[in-house]
Every structure is written in C-alpha cells, then in structure tokens.
Amino acid sequence: MLEASRNLRCASSSPASAFDVIVVGGGHAGTEACSAAARMGARTLLVTQKRSTIGEMSCNPSFGGIGKGHLIREVDALDGVCARCCDRSGVQYKVLNRRKGPAVWGPRAQIDRKLYKREVQETLDSTPNLTILEASVEDIVLGEQSERPHLAGVKLADGRTMTADSLVITTGTFLRGQINIGLETRPAGRIGDEPAVGLAKSIEQLGFRLGRLKTGTPPRIHRDSIWFEQLTRHPGDDPPVPFSFLNDRVWLEADQQLDCFLTQTTPQVNDIVLRNLHCNRHVTEELTGPRYCPSIESKVLRFGYKQHQIWLEPEGFDSELIYPNGLSCTLPADEQVQLVRCLHGLEQAEVVRPGYGVEYDFVDPRELFPTLETKRVRGLFLAGQINGTTGYEEAAAQGLLAGANAAASALARQTLTVSRTEAYLGVLVDDLTTLGTNEPYRMFTSRAEFRLSLRPDNADLRLTEKGYGMGLVSEERYQRTLSIRARLAKAVEVLRDVKKGSNQWRAAMQLPPAKSSVYKSAFEMLAISNDEITANRVCAVEPTVLGWIREDPELCERLKIEALYSLSIEDQSREVEEVQRNESLRIPDAIDYLSKSLNLSFEEQEKLVKIQPQTPRAEFKG
C-alpha cells in the first residue's frame with residue numbers, strides 16, 4: 001500500500017492555493033460537508049464539475065420519510081443546510097406513519113427541484129470561509145511519507161494543485177459511473193455529467209477495497225398527458241409541518257400545496273418486462289442494486305404478477321414533469337413508453353425522458369473510522385454514496401459529519417463522534433464502519449435499537465448542544481434549544497406535582513370514566529396513549545397552575561410525546577448505559593492481531609486485520 005502511495009503526487013512546498021478543507025462534489029453530502037467545515041471556521045474549498053448543479057436532486061423530488069426524516073431533523077439540529085432549504089422549497093409536506101407512535105413518524109416533503117437547488121446555492125454563496133471552484137479533480141496529493149500516509153491536497157484536471165490538511169470526497173455515483181438504457185451504455189455519473197475516472201484510479205492506487213453497486217431512476221412523464229381525474233388524489237397535511245427546528249411554519253399555506261396521485265401496475269407491465277430481459281443489460285448484470293427501492297424489473301422478477309403501487313409526484317410548481325415513484329427501469333427507451341402506457345390513467349402518457357440505470361464504484365466503509373476519516377490516509381474523509389449508501393438523507397448526514405471532522409482535524413480540535421444511542425446518524429455510521437455493506441444501505445427506524453428516545457421531535461435536545469460545543473452550531477439555534485429544554489423541564493416538574501384521581505381528570509376533560517380510579521399526576525395522565533388526552537386538555541383542568549403551558553403549542557406537543565415514552569425510556573436506560581460503556585472502551589491502534597499470544601483462529605485474524613475495530617463492541621459486531 002505504501003508503495004502505491006509513493007506513486008501519487010506529493011504537494012509542492014509553494015502551493016498555488018491553500019485551504020484547511022477541500023470538499024469534492026456538490027451533491028447532498030458535499031453541500032453539507034463544505035457548509036459544516038466553513039461554519040467551524042475552516043478555510044474551505046468546494047470543487048464541483050458544474051457550479052450550476054450544486055444541490056441537484058438527481059433522482060426523486062422529495063426529502064424525508066420513515067427513518068430518513070429522522071436523519072434530516074438530526075442534520076438540522078447540527079445546523080445543516082437541507083432542512084431549512086426544504087422548508088423554503090417544498091410543494092407538499094406530509095408526516096408518514098401517523099397510525100403508529102410519534103417515535104416512528106416520518107416527516108416528508110415533495111420538493112420543487114429548481115427552488116431547492118436555488119436555495120442551496122444561495123445558502124452556500126453567502127457562507128463565510130467558503131470558496132467554490134468549478135473544476136474536475138484528477139488526483140489525490142499526499143504529503144511527505146510517514147508511517148501512515150497523510151493528505152496534502154488534490155490535483156485538478158487543468159494541472160493546478162490545491163493544498164489542504166483535510167479532503168472530503170463526496171462523488172456520489174460518479175466514481176467510474178456508467179449509465180445503462182437497454183443495451184446502450186455510456187460513461188456518466190448521471191445524465192449529462194462526466195464520471196470521475198481519475199479520482200477512482202487514485203483511490204484504487206491507495207489500496208482501498210472497492211466494490212461496485214447499481215441504482216436507477218424512472219422515466220419522466222409530461223403532466224398534461226396524464227388523466228389525473230381517474231386516479232386517487234393524496235393531498236398534503238394541514239397544517240404542513242416544517243423540517244427545521246428554527247421554523248414554526250413552511251413557506252406556503254396548506255391550500256397552496258400540490259397533490260400526489262396513486263396508480264398501480266397491470267399484468268401488461270409484467271409481460272413487457274419479461275419479454276425484454278434479453279435487451280436489459282442493467283438488470284441481468286450481477287451487481288447489487290437497492291433492495292428497498294428496487295426497479296420495476298426487479299419487482300416483477302421477485303414477486304411475479306403481483307400489482308405494485310406507483311406514486312405520481314410533481315417535480316415543481318412550474319415543471320411539466322411528473323416523477324413516477326416506484327417505476328425505476330432501464331428498458332430500451334421505446335419499451336419504456338409502452339410500459340408507462342400500461343398504467344391506469346397513463347394510457348396516453350408522453351414520456352419526456354427515459355429512465356436509466358447507473359453503476360458505480362464504492363469504497364468498503366469498514367475502511368473508515370467512526371469520524372468517516374479513512375484508516376489508510378490521515379486527513380482523507382469519505383461521505384455519501386461512495387460509502388455504499390443510497391438516498392439524499394443518508395448522504396447529507398454523512399456529509400455533515402465528515403465535513404465537521406475534516407475541519408476539526410485541520411484545526412486541531414476535538415472530533416465529532418455520534419453513538420448509536422444518540423442518533424440515527426450514529427446508527428448509520430456504526431452499521432457502515434463495523435458491518436460494511438454489499439448493497440446500497442438505506443435507513444429504517446427498525447435499524448435503531450433505541451428508537452423510542454431517538455425521535456424526530458427531540459433531535460435538537462440530543463445533538464444541538466454537542467454541535468455547539470465544537471463550533472458547528474449557531475448561537476441562535478443553541479439559545480433556542482436551551483429555551484425549549486428549560487421550558488420542558490419546568491413543565492414536566494409542574495405536571496408531576498398536580499395530582500388527582502384518574503376519573504376526576506377524565507370527568508374534567510369530559511371523557512368516559514375508567515373501571516377504577518387511580519391517583520395520578522397530570523404527567524401520568526398525559527402518558528396514556530389516547531389522542532383525546534392532550535396537553536392542552538389536561539392543562540385546562542388546572543388553568544391557574546398549568547395555564548401557561550397551553551399558550552405554547554410546541555411545548556404542548558413535545559410534552560405529550562415525552563410523557564408517552566417516559567416509562568419505556570426509563571426501562572431502557574440500563575441498556576443504553578451498557579452500550580455507551582462498551583463504546584467508551586478503546587482498542588489500541590498498535591494491537592497485533594497476528595500475534596500467537598492472542599490465540600485467534602486464522603479466520604478471526606483475517607477479519608480483525610481487515611476491519612481494525614476501534615471498540616470491543618465493534619469487534620463483536622464485525
């Protein structure tokens with residue numbers, strides 16, 4: 001590996017341009033990474049092939065969802081960009097999974113692509129300490145050789161060298177990316193954009209373990225060619241719920257939201273897929289695609305003639321395009337037209353652009369520390385799809401973490417680590433760095449053992465103070481979090497002090513009596529899983545003592561959720577403490593797993609040398 005490293009160019013003693021942090025790629029991981037580094041005071045350079053595509057939503061026009069919405073709230077709690085931009089560019093806002101408890105609700109928004117991209121670009125343009133350069137990175141530059149190679153900068157396609165102490169690579173699907181439509185292939189990271197070939201070679205020369213994954217996107221359909229009156233309409237929430245903790249409302253009114261529509265596949269869709277397998281290179285390749293967001297071809301092959309839902313989603317207020325979510329396909333373009341016209345309500349649909357598949361290189365995420373710094377090269381960080389994940393939200397969360405730690409490394413500050421007991425971000429990073437992945441990794445609430453305490457509503461209470469301590473979070477956000485924490489604590493204390501018989505509470509709230517009456521505090525009444533027992537109604541029973549709580553709608557909503565899960569979280573606290581205790585134990589970096597004194601089997605030695613676990617818990621998981 002060291003020999004391969006020597007073949008890479010070393011930094012000159014008089015660099016053309018010097019920065020603390022360089023971020024490569026202007027997608028969702030890259031925008032969060034460069035913003036985070038700059039917020040911490042690091043001189044940051046964002047290098048992107050096209051300035052105009054910064055913040056581009058390459059696939060679906062939406063953010064959030066079940067599990068993913070948790071990540072967006074956590075990114076926002078750490079002062080990230082995407083949540084605030086979504087609140088200023090959405091066309092429809094909806095909280096998914098409301099039939100279940102608030103811990104697994106999924107905030108989601110349909111986004112206007114143009115507005116979102118504009119918001120992201122304007123946010124970055126006004127960010128202090130951030131420079132944006134339109135260029136292509138061809139090579140990784142290393143410093144003078146030491147026991148562990150360290151980052152010194154990058155070499156651009158035009159021959160210039162940009163030096164930095166830290167580098168964050170967020171190339172998405174561009175690392176030796178290739179697009180497939182039917183039997184046609186072309187090198188590209190997405191339609192209209194060249195792949196990153198030189199950078200892929202540099203990473204390979206450094207000895208990183210690379211794999212190959214694939215994903216896809218559906219055809220786009222002209223809005224005016226769809227018979228919406230035949231389809232089921234799905235409006236947004238009233239009122240629409242914002243992503244950001246800084247916002248009390250989104251940028252539009254409830255009645256200004258656009259609708260989504262639902263249709264289904266037919267047996268004719270299955271027939272078209274099956275008779276065209278011989279001319280569908282993407283599907284027949286032995287590469288792993290996203291299991292939880294499969295192409296229509298994969299669904300047909302896996303589930304036979306079962307019907308599948310297709311959501312028709314608007315791409316923006318002034319866009320003529322409709323995104324058929326669930327219809328990702330890589331058939332020849334003419335066959336895609338026939339397939340789309342087999343859907344109910346789309347019999348005369350006009351396909352504006354065919355769907356396509358993308359295959360690309362990724363780095364085994366077990367090559368990373370929990371900070372997302374690579375184990376092979378000091379100062380080199382990876383974030384987003386290059387780590388084997390899929391989705392805007394997973395990329396944004398990784399980008400923020402990598403950017404913050406790249407800045408911390410360059411500025412000699414304490415790094416940011418997030419435990420799986422603290423956040424879905426911690427679950428994401430822990431899963432990737434200890435278990436790796438052989439398929440595009442997607443976040444679900446089921447991946448988090450402690451999801452009752454890792455809720456969308458309390459991401460600020462979990463993370464904002466931690467981010468503020470390392471210079472990542474603004475004073476405004478920090479003070480807002482301190483305020484809600486103090487109000488919550490005061491309200492819980494008062495609610496615990498006010499006690500009555502449970503049937504007295506029920507009578508006062510005009511609810512039917514229970515079979516037996518038990519002496520309960522106001523907080524214990526709130527803990528009852530009953531939508532009719534709200535903080536507002538409980539506090540109305542004792543307006544003199546509790547009336548001030550009713551005047552704060554945000555506080556009322558949070559109190560109900562806190563009460564619902566208070567006993568379960570208390571029961572789980574020992575388990576949380578045990579995990580945190582195990583995570584605090586560190587395995588020495590210099591440990592020799594090949595030593596005979598450890599009495600390890602050959603298989604165990606091979607696995608531990610490959611993974612290099614940092615904690616006993618990671619060692620056990622790996």
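The structure holds 43 salt bridges, a salt bridge being a side-chain nitrogen of Lys or Arg within 4 Å of a carboxyl oxygen of Asp or Glu. Before the pairs, the ground rules. This is a predicted model, where local features need pLDDT of at least 70 and side-chain atom pairs count only at pLDDT 80 or more, while totals for chains, interfaces and linings use all residues. Residues are numbered from 1 along each chain as its sequence is written, and side-chain values use heavy atoms, with hydrogens and water left out.

Take Glu119, in helix α5, residues 113-125. Helices here are DSSP runs of H or I with at least four residues, strands are runs of E with at least two, and both are numbered from the N terminus. Arg118 forms a salt bridge with Glu119, with 3.7 Å between the closest N and O atoms. Is Glu119 buried or exposed? Glu119 counts as buried because its relative accessibility is 9%; buried means under 20% relative accessible area, exposed over 50%, and partly exposed in between, using a 1.4 Å probe and protein chains only. Arg118, at 43%, counts as partly exposed. Leaving aside residues up to four places away in sequence, Glu119 touches Cys85 and Arg88, where contact means heavy atoms within 4.5 Å.

Next, Glu554 and Arg487, whose side chains meet in a salt bridge at 3.7 Å, N to O. This pair links distant parts of the chain: Glu554 is in helix α19 (553-584) and Arg487 in helix α14 (475-497), 67 residues apart. Glu554 is partly exposed at 30% relative accessibility, and Arg487 is partly exposed at 24%.

Lys500 forms a salt bridge with Glu542, the closest N and O atoms being 2.7 Å apart. That pair also links distant parts of the chain, with Lys500 in strand β21 (499-501) and Glu542 in the loop between α17 (535-541) and α18 (543-550), 42 residues apart. Lys500 counts as buried because its relative accessibility is 19%, whereas Glu542 is partly exposed at 23%. Salt bridges that share partners also join Arg176, Glu204, Arg212, Glu359 and Asp361 into one network.

Last, Asp364, in the loop between β19 (356-363) and β20 (380-382). Asp364 is buried, at 8% relative accessible area. Asp364 and Asn438 are 74 residues apart in sequence but 8.7 Å apart in space, C-alpha to C-alpha.
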